[in-house]
Amino acid sequence: MTLPANDAFSLGLAHDQPRRSSSRTRTPSLPRRSSSPKISFSPPSTSSSIVFSPQPANGMPAKRGHKRKASARNGSKQLKHNGEATIEELIEEVDARIAREHKLSLNSLPDKRNIVKKQIDWEIPRKALHSSIGFFTIYLYTSKGDPQTVVIALSTALAVLVPIDILRLKYPLFERAFEKCVGIFMRDSEKKSSNGVIWYILGANTALITLPLDIAIVSILILSWADTAASTFGRLWGPLTPPLPARLFGLPLAPRKSLAGFIAASLTGAAVAAGFWTYLGPVRDNLTWSWDAGVSSTFSGGSAEGGKVFSGWAGLAVVTVCAGLVSGIAEALDLGSVDDNLSLPIIAGGCLWGLFKVLGWLGDIFS
């Protein structure tokens, strides 16, 4: 390798310096050679560049540690200038990603406390109207209102509501006006089908016309309160309980409904039956069941003694338990497109009527 002339000369001077100092010979002073440029390498980047560090003002070379720090800072600035992340930023990003994955793994554990609650539509106006019918029914019963008058009033309301509902489904302009007035009482599914109020009136009228008055009143109260309780508690605690089976005792049930709603409907129906035949029923005569006489003679083959077999606490317990089960099952039935406002009072009232027939028959046997 051939060295430049200046470098060879400087090496020779360094080698012969002791000899020249002793001989005291003077040599012509040569101009001092400027220092070579210092080269510092920055971290890899998209565009490689060589950075020349200038000579310090005092002519003294910079310290090596300061040179490294300056080079690192220049490299970080160069990476930021080129849009790339520095090593520190990459480390922070990896740590943040690990922390997020750890948090997600903890949140994915099956803990009911971590269940995100969905927004629940409680249908408060609709449920208030639905439940108020029960209080109005009790008022008419205790004030000894004429059932035939109630049937005529309900039939008149039905004659007005049916044509309105037909116009609502046929003409969009009429539909918008109708929903603006009473839309808060309707479900979204009813806005494109028949109104639930129509089926409610049909169910109540059918019970009043075909069943004894006390059984009809209990069936309407079950419709008014047991159905509301099932809907309310089903939305509240339904996600925490298993859904109903597709069939129970061969009867088709709705799997979309929950065990919480079934229990709520059963308890409400049992409370309605026990409260009515204990406190409200004796306001009128000709009851199907009473505390002292038990089952009416019309259901026990004309024998008063047979009806007394199921009087008192024994008869009340049987009626309460059966009414509760009937309420829960009738509310949970899946009858396709049949509205439960129509099916619930008819099924509940018919089952209670059949129950008293069976109790009257058993009373005749054991009396």
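By the rule applied here, the count comes to one cavity of 30 Å³ or more. A cavity is a set of points, on a 1 Å grid over the protein atoms alone, where a 1.4 Å probe fits but cannot get out; its lining residues have an atom within 4 Å of a point. Grid points are joined across faces, edges and corners, and the volume is the space filled by probe spheres set on the points. The model is predicted: local features need pLDDT of at least 70, side-chain atom pairs count only at pLDDT 80 or more, and totals for chains, interfaces and linings use all residues. Residues are numbered from 1 along each chain as its sequence is written, and side-chain values use heavy atoms, with hydrogens and water left out.

The largest cavity has a volume of about 40 Å³. Its lining consists of Leu161, Ile164, Asp165, Phe178, Asn195, Val197 and Ile198. By class, five of these are nonpolar, one is polar and one is charged (Ala, Val, Leu, Ile, Met, Phe, Trp, Tyr, Cys and Pro count as nonpolar, Asp, Glu, Lys and Arg as charged, and the others, Gly among them, as polar). Helix α5 (147-170) and helix α7 each supply at least two lining residues, the largest share, three residues, coming from α5. Helices are DSSP runs (H or I, at least four residues), numbered from the N terminus.

The largest nonpolar core has 37 residues, of which Val218, Ile222, Trp277, Trp289, Leu352, Phe356 and Leu359 touch the most other members. Such a core is a set of buried Ala, Val, Leu, Ile, Met, Phe, Trp, Tyr and Cys residues joined through side-chain atoms within 4.5 Å, where buried means under 20% relative accessible area (1.4 Å probe, protein chains only). Two or more residues each come from α4 (124-142), α7 (196-210), α8 (213-237), α9 (259-280), α11 (312-332) and α12 (340-366); α8 gives the most, with nine. A second, separate core of six residues includes Leu244, Leu253, Ile329 and Ala332.

Aromatic rings form a further theme. Eight aromatic pairs are counted, a pair being rings of Phe, Tyr and Trp (its six-membered ring) with centres within 6.5 Å. Phe276 and Trp277 pair edge-to-face, at 5.7 Å centre to centre and 80° between the planes, edge-to-face being over 60 degrees. Phe276 is buried, with a relative accessible area of 1%, and Trp277 counts as buried at 1%. Tyr141, Phe276, Trp277, Phe299, Trp353 and Phe356 form one aromatic cluster.

Definitions and conventions: Buried means under 20% relative accessible area, exposed over 50%, partly exposed in between (1.4 Å probe, protein chains only). On a 1 Å grid over the protein atoms alone, a cavity is a set of points where a 1.4 Å probe fits but cannot get out, and a pocket is an open set with protein on both sides within 12 Å along at least five of seven lines; lining residues have an atom within 4 Å of a point. Rings of Phe, Tyr and Trp (its six-membered ring) pair if their centres lie within 6.5 Å; planes under 30 degrees apart count as stacked, over 60 as edge-to-face and the rest as tilted.
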